[in-house]
Amino acid sequence: MPHDEIDALVPRWEQSGMPSALIAGIELGKRVSRLNLLFEQALKTELADLGLTYAEFDVLAALARAAPPHRMKPSELSKSLFLTSGGTSNVLQRLAAAGYVERADDPGDARSRWVRLTPEGERVANAALEASSRAHEEVMAGVPEQTVRQAADALREVLLVVGRRRFR
């Protein structure tokens with residue numbers, strides 16, 4: 001089996017006496033981190049051409065995926081994107097200043113507000129989603145679809161067990 005850069009680290013972990021299950025978990029984490037970094041690097045290059053940060057893209061994409069009129073509550077955005085409410089608020093302020101989103105009061109709840117894409121925000125979101133597709137295709141070029149599917153399914157199984165846990 002061919003080796004990757006993570007495999008080069010394994011002998012040191014084995015020599016230190018780490019249990020094989022721990023080594024496998026560390027390998028998994030390192031490979032997931034490495035893949036995520038590759039995806040983010042490819043995407044950030046594409047997003048820079050649109051003048052967007054990764055966090056801004058994430059918010060625009062979430063709103064674009066929402067059913068028309070492409071709106072969500074800030075708390076829904078935070079939860080779905082795994083962002084803090086403060087982080088979401090900062091991103092929404094930048095997107096509103098750029099004219100990509102607008103905020104509106106929720107007539108059914110005076111304590112709540114909606115965030116929705118503007119027509120320009122919808123255009124930029126669609127361009128960003130196309131850029132994301134290009135970046136993902138670039139990163140995954142040459143990897144057989146079956147391999148990608150198996151990896152995605154295996155990671156789902158892992159997340160179903162560990163994804164609900166909270167760590168300090």
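Which helices each supply at least two residues of the nonpolar patch? I will come to that in a moment, after a word on the model.

This is a predicted model, in which local features need pLDDT of at least 70 and side-chain atom pairs count only at pLDDT 80 or more, while totals for chains, interfaces and linings use all residues. Residues are numbered from 1 along each chain as its sequence is written, and side-chain values use heavy atoms, with hydrogens and water left out.

To return to the opening question, the helices are α2 (20-50) and α7 (145-162), helices being DSSP runs of H or I with at least four residues, and strands runs of E with at least two, numbered from the N terminus. The patch covers about 510 Å² of surface and is made by L28, V32, L155, V158, L159, V161 and V162, and its largest share, five residues, comes from α7. L159, which sits in α7, counts as exposed because its relative accessibility is 54%, where exposed means over 50%, buried under 20% and partly exposed in between, with a 1.4 Å probe and protein chains only.

Leaving aside neighbours within four places in sequence, H70 is in contact with L63, A64, V115, R116, L117 and E122, contact meaning heavy atoms within 4.5 Å.

Note on methods
Patch = residues over 30% accessible without salt bridge, like charges linked within 9 Å, V, L, I, M, F, W, Y side chains within 5 Å. Areas by Shrake-Rupley, 256 points an atom, 1.4 Å probe, with all protein chains shown as cover. Salt bridge = Lys/Arg side-chain N within 4 Å of Asp/Glu carboxyl O.
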